[in-house]
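Have a look at the structure first.

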Amino acid sequence: RSPSPRKRRHSDDSRYDQEYSRREYYDDRTSEGRERERHYERWEEREYDRRKQRRYSSPDRRSPERSTVQSSLAQDETTTKKKKEEVDPILTRTGGAYIPPAKLRMMQEQITDKNSLAYQRMSWEALKKSINGLVNKVNVSNIENIIHELLQENIVRGRGLLSRSILQAQSASPIFTHVYAALVAIINSKFPNIGELILKRLILNFRKGYRRNDKVCRTCSSNVLKPAHEVLCLEMLTLLLERPTDDSIEVAIGFIKESGLKLTEVSPRGINAIFDRLRHILHESKIDMRVQYMIEVMFAVRKDGFKDHPIIPEGLDLVEEEDQFTHMLPLEDDYNPEDVLNVFKMDPNFMENEEKYKTLKKEILDEGDSESEGDQEAGSSEEDDDDDDDEEDEDGKCQKVTVHDKTEINLVSFRRTIYLAIQS
């Protein structure tokens with residue numbers, strides 16, 4: 001039978017009284033009892049330590065050689081840990097903790113073997129930091145100085161770092177897109193392979209953003225026109241307006257504002273086809289009112305002649321048309337982004353490549369310095385050339401020079417006419 005509630009209360013109260021009396025008893029114990037308890041606790045602790053020692057020391061007692069081997073292995077592990085700790089700041093993926101430039105130069109000077117892994121890794125980290133810093137500092141006023149400082153670095157070796165930093169900076173701050181486009185145009189005039197690499201990565205980013213229905217493709221599209229052919233721009237606009245949505249039309253209108261004036265000069269038929277497509281979308285009225293208003297504003301901008309959106313803003317016309325190099329890259333081809341160039345890789349011919357770039361850098365910088373002198377001496381040189389030509393004509397020793405056109409201009413113009421005919 002279960003006890004009644006009264007009995008339960010009585011039993012609980014009795015237990016409480018017993019525990020309380022025990023506490024009082026233990027508290028009122030003599031000092032001898034307390035000492036005995038402390039002595040017992042110490043004895044328990046000693047017994048626990050002895051058992052622990054027996055458990056871990058029994059194999060060593062059986063085999064003394066094993067204990068020596070284990071001690072030597074422990075020493076080796078400590079030495080390897082120390083070595084790893086010493087190497088980590090240089091050989092980590094991010095370069096380790098921040099190293100001041102003066103200390104980094106001092107560490108480089110201490111290394112005698114210039115082809116060693118440590119020296120190449122340190123120079124790679126210094127190159128990456130300098131390229132990122134220069135690209136982030138560029139603006140309209142200091143772009144010429146930034147170009148000179150960039151050419152001081154080995155941008156042929158760090159072309160992957162340069163293209164990645166330019167694309168990241170442009171996507172982070174689209175307001176300065178025209179500055180980064182001018183920077184790419186200058187680099188492309190001296191190193192066309194770097195401009196081609198930037199353009200390939202830009203096309204891949206645009207296609208990825210278009211598949212994801214992401215507005216990242218807006219920042220990609222507005223940076224294309226400098227080193228690329230106008231057919232690529234028309235292909236991008238056609239792709240954006242093929243299946244029109246609010247976001248795609250917004251991206252296309254932003255792209256047309258930036259490149260519409262240049263496209264009207266180069267291919268008026270293509271830009272007319274794009275505006276006809278916009279007019280057709282506006283008449284269908286299946287889009288949001290805000291986007292319809294944007295299309296109407298775009299027609300007004302075209303009517304004004306793109307006066308607020310020039311081809312090249314002031315202060316950024318730094319490359320002559322003769323020096324410009326245009327890449328004919330279709331939108332739908334498969335490209336290799338060459339992401340391996342972003343990662344450090346040991347170069348067996350490191351010093352030879354550095355010397356080659358130094359000679360190339362001297363040639364480029366001397367050309368830039370001698371341009372002003374060449375303009376001053378233009379008049380006298382032209383007169384001398386005329387005299388030399390007359391002398392050669394009088395002597396009759398002029399030789400005919402056959403010029404082979406390897407730029408494929410006729411093929412490009414033929415492709416352009418076919419493309420524009422199909423679009424129209």
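Predicted model: local features only at pLDDT ≥ 70, side-chain atom pairs only at ≥ 80, totals over all residues.

Residues are numbered from 1 along each chain as its sequence is written, and side-chain values use heavy atoms, with hydrogens and water left out.

**Salt bridges**

Side chains of opposite charge can pair when their charged atoms come close. Here a salt bridge means a side-chain nitrogen of Lys or Arg within 4 Å of a carboxyl oxygen of Asp or Glu, and the count comes to six.

| Pair | Closest N to O distance |
|---|---|
| Glutamate 125 and arginine 121 | 3.2 Å |
| Lysine 200 and glutamate 196 | 3.7 Å |

The arginine 290 pair links distant parts of the chain, with arginine 290 in helix H14 and glutamate 250 in helix H12 (residues 246-266), 40 residues apart. Helices are DSSP runs (H or I, at least four residues), numbered from the N terminus. Arginine 290 is partly exposed at 42% relative accessibility, whereas glutamate 250 is buried at 13%. For those words, buried means under 20% relative accessible area, exposed over 50% and partly exposed in between, with a 1.4 Å probe and protein chains only.

Glutamate 125 and arginine 121 sit four residues apart in helix H5 (residues 117-137), so about one helical turn separates them. Both glutamate 125 and arginine 121 are buried. Lysine 200 and glutamate 196 are likewise four residues apart, in helix H9 (residues 192-211).

**Helix packing**

How do H11 and H17 pack? Helix H11 (residues 230-242) meets H17 at an angle of about 20°, and their axes are 11 Å apart. The two are therefore roughly parallel, a label for angles under 35 degrees. Axes are lines fitted to C-alpha atoms over the stretch in contact, with angles running from 0 to 180 degrees between N-to-C directions.

Isoleucine 418 lies in H17 (residues 409-423) and is partly exposed at 39% relative accessibility.

Most residues other than glycine have a negative phi. Phenylalanine 306 has a positive phi of about 55°, and glutamate 338 has one near 55° too. Phenylalanine 306 lies in the loop between H14 (289-303) and H15 (350-376), and glutamate 338 is in the loop between H14 and H15. Phenylalanine 306 is buried at 4% relative accessibility, whereas glutamate 338 is partly exposed at 30%.

Conventions: Parallel < 35°, antiparallel > 145°, perpendicular 65-115°, else oblique.
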